[in-house]
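Work through the exercises below with the sequence and the 3D view side by side. Try each task before reading its solution.

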Amino acid sequence: MLKDVEKTIGFTFKQAAILEQIFTHRSLLNEAGNKDLQNNERLEFLGDAVLELMVTEYLFHTYPKAEEGELTSIRSALVRKENLALVARKLDLGAHLKLSRGEEKSGGREKDYILANTFEALIGGIFLDQGLVTAQSFIQTHLFPTLKTIIKKKLYIDAKSALQEYTQEYLKCTPAYKVIMDQGPDHDKVFIVGVYVKDDLIGKGTGSSKRKAEEAAAQKALAKIKKK
């Protein structure tokens with residue numbers, strides 16, 4: 001039940017309709033054929049803007065000596081789909097999603113981009129329901145703690161560049177990226193990209209664009225290399 005979500009996030013909605021909308025995926029509308037049913041995409045759009053503002057302000061004050069480029073990289077790592085999905089899983093948001101049967105069968109509750117979008121929709125919903133200060137408090141409580149790991153592991157550094165530097169120095173070659181699969185409609189396309197070193201697949205990544213999928217693949221490859 002959605003009331004369980006309120007207990008998990010420590011926030012009670014004044015407007016129940018907003019809470020329902022947050023967890024309604026567009027696939028359900030296509031299946032139900034109910035034009036009056038509101039999906040979470042508009043809330044996601046709003047939440048994305050609120051999130052960028054709050055993160056930008058926080059980083060600006062937290063790292064007064066950091067240059068603009070470094071702040072941009074840290075912000076990108078903090079709001080990356082994979083990181084938002086990580087937080088969404090901790091809050092168990094996927095369990096409460098309303099999906100079509102097809103999306104359910106395809107594992108929609110565990111897809112990073114759907115979970116990340118739901119997290120952004122949740123932020124947008126909180127903003128609409130109780131304003132910017134409450135939305136800021138939610139972001140600070142649930143998202144900002146992940147910044148410690150991002151800084152410690154230097155996850156804000158461009159993964160593709162880091163991987164290329166590593167492979168050129170130690171393996172004397174350059175990584176190659178290939179699209180393994182793309183799926184979904186044009187407005188909601190998802191790409192799966194593999195990164196190869198000497199024809200060996202060393203990482204796969206998913207993203208809403210080829211660039212994002214390549215970056216995710218490079219991150220996976222770097223994580224794999226560092227474990228050796």
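Buried means under 20% relative accessible area, exposed means over 50%, and partly exposed lies in between (1.4 Å probe, protein chains only). This is a predicted model, in which local features need pLDDT of at least 70, side-chain atom pairs count only at pLDDT 80 or more, and totals for chains, interfaces and linings use all residues. Residues are numbered from 1 along each chain as its sequence is written, and side-chain values use heavy atoms, with hydrogens and water left out.

**Exercise 1.** Find which helices K81 and E120 lie in, and what their pair ties together.

Solution. Start with the rule: a salt bridge is a side-chain nitrogen of Lys or Arg within 4 Å of a carboxyl oxygen of Asp or Glu. K81 and E120 form one, with their closest N and O atoms 3.5 Å apart. K81 is in helix α6 and E120 is in helix α8, so the pair ties together parts 39 residues apart in sequence. Helices are DSSP runs (H or I, at least four residues), numbered from the N terminus. Last, check accessibility. K81 counts as partly exposed because its relative accessibility is 23%. E120 counts as buried because its value is 3%.

**Exercise 2.** Decide whether R89 and E110 are buried, partly exposed or exposed.

Solution. Their side chains meet in a salt bridge (3.1 Å, N to O). R89 sits in helix α6, and E110 in the loop between α7 (101-105) and α8. R89 has a relative accessible area of 35%, so R89 is partly exposed. E110 has 53%, so E110 is exposed. Now widen the view: R89, E110 and D112 are linked in a network of salt bridges.

**Exercise 3.** Find the nearest side chain of opposite charge to E215.

Solution. Go to helix α12 (residues 210-227), where E215 is found. Lys and Arg count as positive, Asp and Glu as negative; His and the chain ends are not counted. The nearest opposite charge is R80, 4.3 Å away. E215 is buried yet has no salt bridge.

Definitions and conventions:
Helices (H or I, at least four residues) and strands (E, at least two) are DSSP runs, numbered from the N terminus.
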